Structures are given as C-alpha cells and as structure tokens.
Amino acid sequence: MMSHTGNIVELQQVEKKYQGVKALQSLDLNLHKGEVFGLFGHNGAGKTTIIKLILGLIEATSGQVSVFGKDPAQAGTRELRAKLGFLQENVSFYDQLTGMEVLEYFARLKGTSCKRSRKECFGLLEQVGLKDVCGRRVKTYSKGMRQRLGLAQALLGNPRLLLLDEPTVGLDPIATQDFYHTIDHLKHQGCTVVLCSHVLPGVEKYIDRALILGRGAVLASGSIEQLRAQANLPSVFQLKGRPGLSKELPKELCPLDPNNNASMRIAVPMEERMQTLRTLAGIVSIDNIDIHLPSLEDLYTHFIQGHYDQESALC
Ligand SMILES: Nc1ncnc2c1ncn2[C@@H]1O[C@H](COP(=O)(O)OP(=O)(O)OP(=O)(O)O)[C@@H](O)[C@H]1O
C-alpha cells in the first residue's frame, strides 16, 4: 500500500532530538516510486537519522513519518520490512561463515524458504561478482568483497525501497560502475533508492533528485538542474584555438588564466550561456569549446559553505 498521495516515503515537518541534541528540524521529504534520491551532508548532518526514521528504528520527536502508507515505527510492520533493503555504512558479518551462508542466513530472516533462498542467493552473489568466492569464509574477503556481500544482502527479497549508506566505499572503479548499473536496473523495475554518500564525483548522473543537509536542516533540494538554478553558479567554458586567441575575445569575457594564449577558461553566468556561445561561435580562431556545468560537488560546496558563512555571521 502507498500513501494516498502515491509517495513511497513521506516525512512531514519532522524533528528529531537525541537527549537535547537537535539532529533534524522541520524536515519535509517525499520519495516517489522508481526514483534514485541522493542524501548528502557533512558528518553529523542527520543523514543516518533520516534512514533510521524510514526504517522505523527510531521515532520522530515530532512530525509525521510514513513509509508505504504506514508508520514504520509501529508494531505489525513485518510486511513493510519485507519491502525494504538496507545497506549500512561499515558493514560487518560473522567472519567464520562463507559468503553463501551469510546471505542464506539473511534470506531466512527475511522469511524466504530454504529452497528458494539458495537459488536467490546464488543469483545475487553472481550479480555482485562474488560467485567464484561464495564458498570462502568471509574472514578471507577484502573490504570491497564485504561491501559487495552487503549489497547482495540489501537486494534480498527484491525490495521496493532500498536504503544505501555509503554503498561505494571500498569498491574499485569497475565495481563502482557495476554498482551504479545495478541501481539503474532496479530503478527501471520501479524500486525507489536512497543513496547516502560522501563520494560525490560520478554520482550525479545516476540520481534523479538530491537533498543537501546542514546541521539537520534542508539547505537545498531538487533535481541537479533545479540545484544549479538555485545556486546560480557560473559555468566554465574551456576554449582551445590558435595562439593569440585571447586578443580576439570581447573585453567582457575575461579569461581565468590570462597567460595562456591558445587554451583558456572563462566563467560564464548561467543566464548568459547561450549568448556567450553564439559570440564565441563567431570567432574563427577558436577550434573547440567544452562547457563544464557546476558539478554536484561544486553545488554541495556552495550550499554548505553558504550555510557556514551565514552561521558565522550570526555569531
Ligand atoms: N544515539 C544518539 N545519541 C545522541 N546524539 C546522536 C545519536 N545519534 C546521532 N546523534 C547526533 O545527531 C546528529 C546527526 O547524526 P547522524 O548520525 O544522523 O549524522 P550523519 O549525517 O549520518 O553523519 P555521518 O556522515 O558522520 O555518518 C549528530 O550531531 C550526532 O552526534
């Protein structure tokens, strides 16, 4: 069952205090079916608290939390839990068991029968690239292999909502790519994915929306395009051409690196992008133009820095 609004998760004006520590304040959050949602923020910003509230491990101090139309912290939510997958940060397993045994153990906890669980576990171990080592004890696994096992555990039972805390920590570049392909595949099957991460480079093309948290408050939220519009940061145009190119640029286009003659970068405000492109296209000594829009990392730094600046101005 979903809420009457069709949202998979709804948090309304949620506040969470731990013994006087304000971890979250006035938080509104809606997650839709089949979207990948990035949750970003500094250490202690409140990301894990949001995940714990969605999992029903803690209760909000005030406000409403609804997951598939139910309060996850209330009793009788076994059915609800079967729809959730969770990968925690710094995952650890019982080291003496093999990868297969660990996964089967979790499958049984989720209520899968013995016969079905073996088949499902084998398929998942293959999917995360652990098929060949599934008979080895977990104590012999590398950090990345443990992380892959954690991901397989989170995918058990074909969850409709997947919560992943730092899922790519310890994964090599190929395994990280494989991970994002798995996420893409799940999204297309209608699974909603929440991704908490400090590793921002490369994430933006896989997420539909993001929320940036600072000290428990929402600093910005929306699609990458919406965040770019809110931040209003300039794009960087990288120009390549013949020596002496800088002399041909109109005066208002000031290079960031004026000493380089044949290759240079200029910062262009968002609203002037198209006009600048038209102007540059008319300069024959320019051979190539690369446009770099503000990355998720740039946006994150902008919003977090702005928040700190505001706080220090108030002190
Ligand atoms: N059980 C607890 N008791 C007291 N304070 C807590 C407790 N759990 C979290 N906090 C505090 O709540 C705030 C938010 O913590 P949370 O773990 O949600 O942050 P986070 O964004 O997940 O951080 P990180 O990126 O470091 O994992 C922090 O100030 C933290 O110290």
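Q: How many residues lie between β8 and β9 in their hairpin?

A: This is a predicted model, in which local features need pLDDT of at least 70, side-chain atom pairs count only at pLDDT 80 or more, and totals for chains, interfaces and linings use all residues. Residues are numbered from 1 along each chain as its sequence is written, and side-chain values use heavy atoms, without hydrogens and water. Strands (E, at least two residues) and helices (H or I, at least four) are DSSP runs numbered from the N terminus. Two residues lie between β8 and β9, and Arg 215 in the turn has a positive phi of about 45°.

Q: How many bridges join β8 to β9?

A: Strands pair if DSSP finds at least two bridges between them. Here five bridges join β8 (residues 209–214) to β9 (residues 217–222), and the strands run antiparallel. Ile 212, for example, has Ala 220 in β9 as its bridge partner.

Q: Which element supplies the largest share of the shell around the ligand?

A: A residue counts as near a molecule if one of its heavy atoms lies within 4 Å of it. The ligand is surrounded by 13 residues, with Gly 44, Gly 46, Lys 47, Thr 48 and Thr 49 the closest. Helix α1 gives the largest share, three residues.
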